[in-house]
Amino acid sequence: MSIKLDPAILPALDILGMAQSGALLRAERDTPPDGIPAFVTRAGWDELIATHAAQHDAPHTVILPALEKAVAHLLSHAAEGASRNGEMTPVITLQSDLFPSDPDLVLAFVRDSTHPVACALIGTATQIETALRGYGSSHDLPN
C-alpha cells in the first residue's frame, strides 16, 4: 500500500546536515523506488546495537537488515492508517518493541529544508528530541 506525501506541508529540518553530522543515520541501505528515505536517531541506533549486537564485530551487518524490515513494516502500517483515515498526520506514535527503552515509537514525517524530499524519522520521543536539540535545531515537531 502506498500514499503520497506532499513535502510542502511537512515540517522542514536539515535532514542532510543532521545525517552528515551523525545525528541521524539511514535506516535502510536503499530507499524503495516508491518509498521515502527513513532515518533513525544516533541514540536509537546505539540502543539497537547495545541491545542486539554489542558483541558483534560488525554490528551494522546485524542491525541494518532487521531495521530495514522494521521500517518497511512501520511505513506500511502508517500508509494503511492514512488510507483508512483519509489523511496522513506528520507524527504517529505506535506501540513497538523496537527500542526497549520506550514502547512508544515515534514515526515523524518531515522534509529536508534544502531539498523538497519527504523523509521519515524513527525513534522514541526522547531520542528524536535529543537529536533535534543536539543538532541545534529550533524546529519543533508538530503534535
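Contact here means heavy atoms within 4.5 Å. With that in hand, here are some close-ups of this predicted model.

View 1. Setting aside neighbours within four places in sequence, L98 is in contact with L48, L67, A70, L74, L105 and I122.

**View 2. The largest nonpolar core.** This core has 27 residues, and W45, L67, L98, L107, F109 and I122 have the most contacts inside it. At least two residues come from each of β3 (38-41), α2 (42-52), α3 (59-85), β4 (91-95), β5 (104-112) and β6 (118-123). The top contributor is α3, with seven residues. Another core, of 14 residues, lies apart from this one and includes I15, A23, V106 and A108.

View 3. The charged end of R26 sits over the ring of F39, 5.7 Å from the ring's centre. R26 also meets E28 in a salt bridge between their side chains (3.0 Å, N to O). R26 is partly exposed at 33% relative accessibility, while E28 is buried at 7%.

**View 4. A salt bridge between E68 and R29.** Here the side chains meet at 2.3 Å, N to O. E68 belongs to helix α3 and R29 to the loop between β2 (24-26) and β3, so the pair ties together parts that are 39 residues apart in sequence. E68 counts as buried, at 19% relative accessibility.

View 5. The side chains of E129 and R133 meet at 2.5 Å, N to O. These two residues are separated by about one helical turn, because they are four residues apart in α4 (residues 125-135). E129 is partly exposed at 38%, and R133 is exposed at 62%.

Note on methods:
Residues numbered from 1 in each chain as written. Predicted model: local features only at pLDDT ≥ 70, side-chain atom pairs only at ≥ 80, totals over all residues. Heavy atoms only, no water. Lys NZ or Arg CZ within 6 Å of the ring centre and 35° of its normal. Core = buried A, V, L, I, M, F, W, Y, C linked by side-chain atoms within 4.5 Å. Buried < 20%, exposed > 50% of the residue type's maximum accessible area, 1.4 Å probe, protein only. Salt bridge = Lys/Arg side-chain N within 4 Å of Asp/Glu carboxyl O.
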